[in-house]
Amino acid sequence: MKIDKNKLLKYKSVIGLLAFSIIISFVSPQFLTFSNILNVFRQTSINSIIAAGMTFVILTGGIDLSVGSVLAFAGAICASLIASGMNAFFAIAIALMVGTLAGAISGIIISRGKVQPFIATLVSMTVLRGATLVFTDGRPITLVSGENAERFSTIGNGYFLGIPVPIYITLIVFVAAYYILRQTRLGRYVYALGGNEEATKLSGISVAKIKVIVYALSGLCAALAGVIITSRLASAQPNAGSGYELDAIAAVVLGGTSLSGGMGSIFGTVTGALIIGVLNNALNILNVSSYYQMIVKGAVILIAVLLDRKK
Amino acid sequence: MAKPLLQMKGITKEFPGVKALDQIDFNIYEGKVMALLGENGAGKSTLMKILSGVYQMDEGELYFKENHIKFKTPRDSQDVGIAIIHQELNLVPQLTIGENIFLGREPVNKFKRIDWKKLYANSSKLLERLGIEKDPMELVSNLSIGEQQMVEIAKALSLDAKIIIMDEPTDALTDKETAALFKVINELRENGCGIVYISHRLKEIFEICDMATVLRDGKFITEDLVTNLNEDLIIEAMVGRKLEEQFPRVDVELKEVVLEVKNLSNEYIEDISFTLRKGEIIGIAGLMGSGRTELAKTIFGSLPVREGEVFIDQKQYTISSPKSALEHGIAYVSEDRKGQGLILDLSVKENMSLSDLKQFESFLFKLNGQNEEHMVRHYIDNMSIRTPSMDQTVKNLSGGNQQKVSIAKGLMTKPKILILDEPTRGVDVGAKKEIYNLINQFKKEGMSIIIISSELPEVLGMCDRILVMFNGKITGAFNRKEASQEQILRCAVGIEEA
C-alpha cells in the first residue's frame, strides 16, 4: 500500500492521538471501556467548545484570554435567572447573549480602539471576573430542586440514546464551526485576515466587523460552556473557568493552528482538545497525583508543539 | 578566459514534482560582473539559494579557487565570502541603520560592551561610500524601500564579501540611487570582487555587466561576454522564441468620461484633477515617493480625502473605504503584491475570489463552490496563469503568476475602472508581454485603466495619456504622441512643469 506522505502529515495530530490512546489502553485496561471513553468525551466537551470559539480568534491572529471569566459570568447569570424562577430556556438564551455581547465588546475595543487582543481580553478577563464576584457576592449560586431546575439539569447530566447530552452539544458546535470556516464567506475572511490584514482590507473587506464577530463567537462558545458546567454542577461557582483560556489555547495549538493566524483548522482543534482530555483521563486512571499531572501535561504539549514545528 | 573564482558544475535540484535545476553550469569571475538571466521560474533563485547554502543540491559540484567545497548551511557560504542581497529585504525596521548593518557582528570593546561609537563611525563610512546622505542612527522604518535596499548593500559591503549576489537590486531604486549603486559595483569590480547581478531590466545588463549566463526552465542555455550579445539575443535565449514588438498597443475609440477627479487633496497629494474615459489608459509616472500610489489609494478609499471631489459616471460619490470603491466599480491592484495584494498562505482560488465572494453566496450563507471554481478556472485559462491547480498556495507561484492572480482578483469584481500599480514589477519578459496583452484586452472590452509605473517605456508604450507626479502634485500631462522620456523625467524630478 502506498502511503501519501502529505496526508500523513496532515493527520499527524490524529495519528498522535490514536497512538497515545493505544499505549494507554495497554497500560491500563480500564481506559478502553465504553463508559470511560464516554467519560473522556464528556470531560473534554467544555474545553472543546471553548477551543472552537478560540480557533476563530486565533485564526485571525488574535487571542482571547477572557473565555474563563465569560464562562463564569454567563454561568452565574444563568443560575440566578433560573433560581429566580425564569424558564430555563430563556435563562440559557439570555446567558448566551450576555457572553456574545461580552465577546463583541472585546472585539470592538480591539478593532475600533486599536488595542492589542492580549491586552483587551486581559481587561475583559479581569473586569468580568470582578463582575461575577460582585454579582454572586463571592458565593456559589446553587439551584435547589424544582421542575425548572430539573429540566435545566438535563443539559449537563442528561443522556440521549445512552450518550451524554454535552457530547451532542459539542458535536453541534463543531459541525457549525466547520461549516462557517469552510463553507461561508465569513470563514474565508477569517483566514484572509489572519494571513494578511492589509491585503484583506484592500480587498474591500471590513476587517473591524470580522474581528468583532470572531470575539463575539468566542464569547458565545464560552457562555455555552458556562451553561453546561452550571447545569452539570447544579450550581454556578464564582471562580469557575479560571485558567480555562490556557487549556483552550493549548488545544488549538496542539491542533496545529498557527498562533500568528491564517493557518489551521477546526478539525485540528477537536484533536487537540481530545489529546488533552485523554491525557487528563489517563493520568487520573493511573492515579498520578494532580501535582504531577500538570508537569506531565506541560511536557506533552511541549513535545507535541516541537514535533509540529515546520522545518 | 580567466579561471573562475567560483565554479558551479552540473548542478541539479529536484523539488517534489519539479526538476528546478537540471545540470546547470555557472561561473563567477574575479573582478567581473556576471549577469544571471532567465524568466521567473527559470531557476535563478534556486541556483542562488544553493550558492548561499540555503538549499542543498542533489547533484553537482562547487569549486572555489579550484578547491572542491561543499555548503551545508548558509554559514558555510558566508565563511567563503559569499554575500547575498535578497530581493525581499531582511532588515529589522525597529533598529537603526547602523544596528542593522552590524546586526550579530557588533564591534565590542574589551568589556564586551557594544562599541557604539565605532559601530556608527563604520556605518557612516559605508553610507558615504554608497553616496547615501543618511544618519546611521536613523531608524530603518523611516526609510523608503530604495533606501532600505542600500542599507542591505552596505551590510554586504561590511562583510568584506569576495562574491556578492544582487537579486533585482534596482527594482525599488530611484534613478539617482541606481547610479550610486552602479558606482559602487564598479568600485567592487576594481577591487577584484566577483559579482552576480540578477535583473529583469536588460538595459542595466549592458550598462553594468561584463558577462551573462542565461537559464531557461531550469536548464543552462548560454554563457557569453555581454559585448557579444544584444537585447534581442538575450530575450530569445530567455524565452526560447522571438518576442514581437514589446508593447502591443491597441487603439480604441474613447467614449464618455467615467471618472473625474477634482482638486483632490490630503496628507500625501495636492490638488489633483484629471478625467478618465471609457476605454482609455492613463499612465501615472513619477519617482518613488511622488505620491502616485497614494493618489491611487485615495481614489480607492484606503486613504482619507481631505478636500476634493470624485465623480463616477458624472455622479459625485464619497468613497470612504475600499469596500465602497469596489461597489462603485473601482478595483486597485497593489504594487506590493506580497505585502498588500495577496494572502500568500491562501490558495489561488481563495485569493482570486476574495474581493467579491458575495456573488457566490447561496442558501444559509453557503458558498457555491462550483460557481466559484468555474469562475476561477475561467480566469486561470484566460490569463494563462501557470499553476498546478487552483488549490495551490499562492506562495508557491512565480512572481509573474502571482501578479496575474492579483490582477484576476481585481477583475473578478467586474470593475469599470482598474488601477494597476506597477503591474509588471519583478515580472519576467515573457509574462510582461502577457500582462500587456491582457491590459489591451480589458481596454477593448471598454474598461478604463490607470497604470502607475516607474518604467517609462511601459508608460509610453501602453498609455493614451500620461500624467507625471512630483511631490504630491501633477507636474505634467501629455498625450502619448507628444511625450518623450526626457520630458517626463524633467517633470518627474520637478525641473519643469508642463
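Modeller: A cavity here is a set of grid points where a 1.4 Å probe fits but cannot get out, and its lining residues have an atom within 4 Å of a point. The model is predicted. The structure holds three cavities of 30 Å³ or more.

The largest cavity has about 110 Å³ of space. Its lining consists of 14 residues, and those nearest the centre are A:Leu202, B:Tyr332, B:Val333, B:Ser355 and B:Lys409. In chain B, β16 (330-333), α11 (337-341) and α14 each supply at least two residues of this lining. Sorted by class, the lining of the largest cavity has six nonpolar, seven polar and one charged residues.

The second largest cavity has about 70 Å³ of space. Its lining by class is one nonpolar, three polar and seven charged residues. Among the lining residues are B:Glu168, B:Asp171, B:His200, B:Arg201, B:Lys432 and B:Glu455. This cavity lies between domain 1 (6-239) and domain 2 (257-492) of chain B, because both domains give residues to its lining. B:Glu422 and B:Arg425 also line the second largest cavity.

Now the charged pairs. The whole structure has 23 salt bridges over all chains. In one of them, B:Lys404 pairs with B:Glu434, with the closest N and O atoms 2.3 Å apart. B:Lys404 is in helix α14 of chain B and B:Glu434 in helix α15 (residues 429-444), so the bridge ties together parts that are 30 residues apart in sequence. B:Lys404 is buried, at 1% relative accessible area, whereas B:Glu434 is partly exposed at 22%. Salt bridges with shared partners also join B:Glu422 and B:Arg425 with B:Arg292 and B:Glu335 into one network.

Another salt bridge in chain B is formed by B:Asp313 and B:Lys416, at 2.9 Å from N to O. B:Asp313 sits in the loop between β14 (307-312) and β15 (315-317), and B:Lys416 in the loop between α14 (399-411) and β17 (417-421), 103 residues apart. B:Asp313 is partly exposed, at 30% relative accessible area, and B:Lys416 is partly exposed at 34%.

In chain A, A:Lys211 and A:Glu197 form a salt bridge with 3.2 Å between the closest N and O atoms. A:Lys211 belongs to helix α11 (residues 207-233) and A:Glu197 to helix α10 (residues 197-202), 14 residues apart. A:Lys211 counts as buried because its relative accessibility is 16%, under the 20% limit. A:Glu197 is partly exposed, at 32%.

Terms used. Residues are numbered from 1 along each chain as its sequence is written. Chains are lettered from A and ligands numbered from 1 in the order in which they are written. This is a predicted model: local features need pLDDT of at least 70, side-chain atom pairs count only at pLDDT 80 or more; totals for chains, interfaces and linings use all residues. Side-chain values use heavy atoms; hydrogens and water are left out. A salt bridge is a side-chain nitrogen of Lys or Arg within 4 Å of a carboxyl oxygen of Asp or Glu. Helices (H or I, at least four residues) and strands (E, at least two) are DSSP runs, numbered from the N terminus. Buried means under 20% relative accessible area, exposed over 50%, partly exposed in between (1.4 Å probe, protein chains only). On a 1 Å grid over the protein atoms alone, a cavity is a set of points where a 1.4 Å probe fits but cannot get out, and a pocket is an open set with protein on both sides within 12 Å along at least five of seven lines; lining residues have an atom within 4 Å of a point. Grid points are joined across faces, edges and corners, and a volume is the space filled by probe spheres set on the points. Ala, Val, Leu, Ile, Met, Phe, Trp, Tyr, Cys and Pro count as nonpolar, Asp, Glu, Lys and Arg as charged, and the others, Gly among them, as polar. Domain bounds come from an automatic or database domain assignment.
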